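Here's a quick briefing to read alongside the model. Have the sequence and the 3D view open as you go.

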Amino acid sequence: MVWQGGRTKIKAKAGYDLCPVSFVRRSIRMATLDEWDRRYVTGETAAVTKLFFPNAVAAYRIVRKIETTNIRTQFMTGHGGFSEYLERFKCKDNPACICDQDISETVPHVLLECPVFAQERVQLETELGIKLEKHVVKELMSSKQRDRFLRYSQRSYHKMANTKPFTVFVEGNIGSGKTTFLEHFRQFEDITLLTEPVEEWRNLRGWNLLDLMYKDPSKWAMAFQAYVSLTMLDMHRRPTTTPVKLMERSIYSARYCFVEHMQRSGILHPAQFAVLDEWFRFIHTEIPIEADLIVYLKTDPKIAYERIKRRARSEEQCVPLSYLEELHKLHEDWLVNRTFAECPAPVLVIDADLDLSQITEEYKKTEHQILRKAVDVVMRSPNKLSPKKPITSSPIKIIPQIRL
Ligand code: TTP
Ligand code: MG
């Protein structure tokens, strides 16, 4: 070998006769993968990972293509915030899932079966035109749909890990007592109460939209409902630091009861209705609106009518009984008969005909029932709970949710 200013000039034949280093590296990798594969296939561990990848070679190939995040790793290994795993390592007393005390919260359960994530799952299934079953997961992971599927698992994880509060919509006719009902829950420190922004509807830059709407509905209903949607959306999106959120009404009742009535009765021009409906559809599909339970305060329209007269909100003096009857029918069809529109969460029906002195007792009786699910959420992160009054669980009969 001759030294020539910084580089070597090999005169003799190479001192080795084996192969390039890259080949050696590749051989070692393949041998390692073979061994990994052998252990993967024959071993009893990695049950969760096996749901995603048929063998180690596929896992190696796919994992290199996706961005690994904390949540994805937890899903693909089962090692993370799943009750079954947490219980195994004594970080939790109970492996149960929030949906059923007798079912363990595992990755396959969350991804494939749990009703809590049904809405996200059905959306994925509809988009991909598949039924999400065990054997489909491996296929999805090696297909072009992988990112969509991973997004679904990520959303489910966030929901499961209770990054969102347990959300209850309180629905019912005008004068059914929604605000009173919400006020009853003020005694619980860990509940965020969002009463309806009627005051905002009465004063938008000095304009009383509610009054304008009642005085000249054909002129103002469109503007009023557009503003109702905006204020409702604001409530849906408002961040909360408590594990439970109770909201008066929702964007759903604004659309399925009020706008629907205005459309059917001809108050809204079909073109105006179309604009409102397009807004609603856009919000519904593009913005995640969480709903875990709907409390329906079922009221006889005559009783609601009497209450409205008694409370004497100036704008509502012209409200006739027939309007309340029509609204009642729409609430019933939406929440009880299920003959119209979709219902975004299970419904708890409360008889709200009783007068104020008795209804408080009624609320008290149902207090634990209403909060049963909330208790489960809270149990998941007990350090979040510091109620002025303890929340305990008890059996409940809830009208099951219709699959969307
Ligand atoms: P509600 O939303 O029924 O509220 P409320 O405070 O009257 O009910 P409760 O007594 O049960 O607490 O109605 C508030 C007013 O706004 C009422 O006059 C109806 C009107 N409204 C609409 O016109 N369109 C809508 O989309 C909504 C949500 C309300
Ligand atoms: Mg109210």
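Helix H1 (residues 21-42) and helix H3 (residues 56-65) cross at roughly 120°, with their axes coming within 8 Å. Keep in mind that this is a predicted model. As for the chain overall, you're looking at 19 helices and nine strands.

**Where H1 meets H3**
- On the H1 side, the contact uses Leu33, Trp36, Asp37 and Tyr40, and H3 answers with Ala56, Val57 and Tyr60.
- Sorted by class, that contact of H1 with H3 has six nonpolar residues, one charged and no polar ones.

**Ala59**
- Ala59 also sits in helix H3.
- Is Ala59 buried or exposed? Ala59 counts as buried because it has 21 C-beta neighbours inside 10 Å, and the cut-off for that is 20 or more.
- Leaving aside residues up to four places away in sequence, Ala59 touches Thr49 and Phe53.
- Ser142 is 83 residues from Ala59 in sequence, yet their C-alpha atoms are 9.4 Å apart in space.

**Around ligand 1**
- There are 16 residues around ligand 1, and Ile174, Lys178, Thr179, Ala254 and Phe258 come nearest.
- Helix H10 (178-184), helix H13 (217-237) and helix H14 (251-264) are the elements giving two or more residues to that shell.
- The shell around ligand 1 splits into six nonpolar, six polar and four charged residues.

**The chain as a whole**
- Of the 404 residues in the chain, 30% are buried.
- Among contacts with a separation of 6 or more, 67% join residues 24 or more positions apart.

Methods. Residues numbered from 1 in each chain as written. Chains lettered and ligands numbered in written order. Predicted model: local features only at pLDDT ≥ 70, side-chain atom pairs only at ≥ 80, totals over all residues. Near = placed C-beta within 6 Å. Helix = DSSP H or I, 4+ residues; strand = E, 2+ residues; numbered from the N terminus. Nonpolar A, V, L, I, M, F, W, Y, C, P; charged D, E, K, R; others polar. Axes fitted to C-alpha atoms, helices over the stretch in contact; angles between N-to-C directions. Contact = placed C-beta atoms within 7 Å. Buried ≥ 20, exposed ≤ 12 C-beta atoms within 10 Å, placed from the backbone.
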